[in-house]
Amino acid sequence: MRHRKAGRRLKRSSGHRRALYRNLMTELFRYERIETTEAKARAVRPLAEKLVTKARKARGERVVELAKQRDVEKLSAWFSAKRANQLIELADQEDEEALEQMAQSVALHARRQVLSVLTDKDIAHKLVDEIAPRFEDRPGGYTRMFKLGMRRGDAAKMALLELVD
């Protein structure tokens, strides 16, 4: 029985599986679409969505803008309630320098988290600087999956995983 055993194993060891997911996500963000097996696409999709959400936090100027607008809802969705309140307090005190410094440290942390997952530094920067801003006002659902049918050689179910425009 597999009670309380979340995730897909894909008949790989944990290290091999982690490397596979990292490579698939890197290629997804490089080409903005990948063709892979349905099982791999289903496994990578939530990880890629979480990475895009993390990349959205890696823009310090957007964090400052939200703090100045007192947008508690978005800040609380991105950060803990404590961090969101700290950012809003700094904006209320009109302490530009401290607000900017905190926003940059939060953004740097998010950028480093993205860099730790993707295997190519240039693709990580592309994700933060080009792809994430496209999804700025989207609350989730950054990817879509199309089923393509069976692969000719081994009849594996194939799927196309792509970023939503």
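The protein chain holds seven helices and three strands, where helices (H or I, at least four residues) and strands (E, at least two) are DSSP runs numbered from the N terminus. The model is predicted, so that local features need pLDDT of at least 70 and side-chain atom pairs count only at pLDDT 80 or more, while totals for chains, interfaces and linings use all residues. Residues are numbered from 1 along each chain as its sequence is written, and side-chain values use heavy atoms, with hydrogens and water left out.

Along the sequence, the elements follow the pattern α-β-α-α-α-α-α-α-β-β. Helix α6 spans residues 96-117 and helix α7 residues 121-134, and their axes come within 9 Å and cross at roughly 135° (axes are lines fitted to C-alpha atoms, for helices over the stretch in contact, and angles run from 0 to 180 degrees between N-to-C directions). That angle makes α6 oblique to α7, because angles under 35 degrees count as roughly parallel, over 145 as roughly antiparallel, 65 to 115 as roughly perpendicular and the rest as oblique.

On the α6 side, R111, V114 and L115 meet K121, A124, H125, L127, V128 and D129 of α7, contact meaning heavy atoms within 4.5 Å. The residues of this contact divide into five nonpolar, one polar and three charged, with Ala, Val, Leu, Ile, Met, Phe, Trp, Tyr, Cys and Pro counted as nonpolar, Asp, Glu, Lys and Arg as charged, and the others, Gly among them, as polar.
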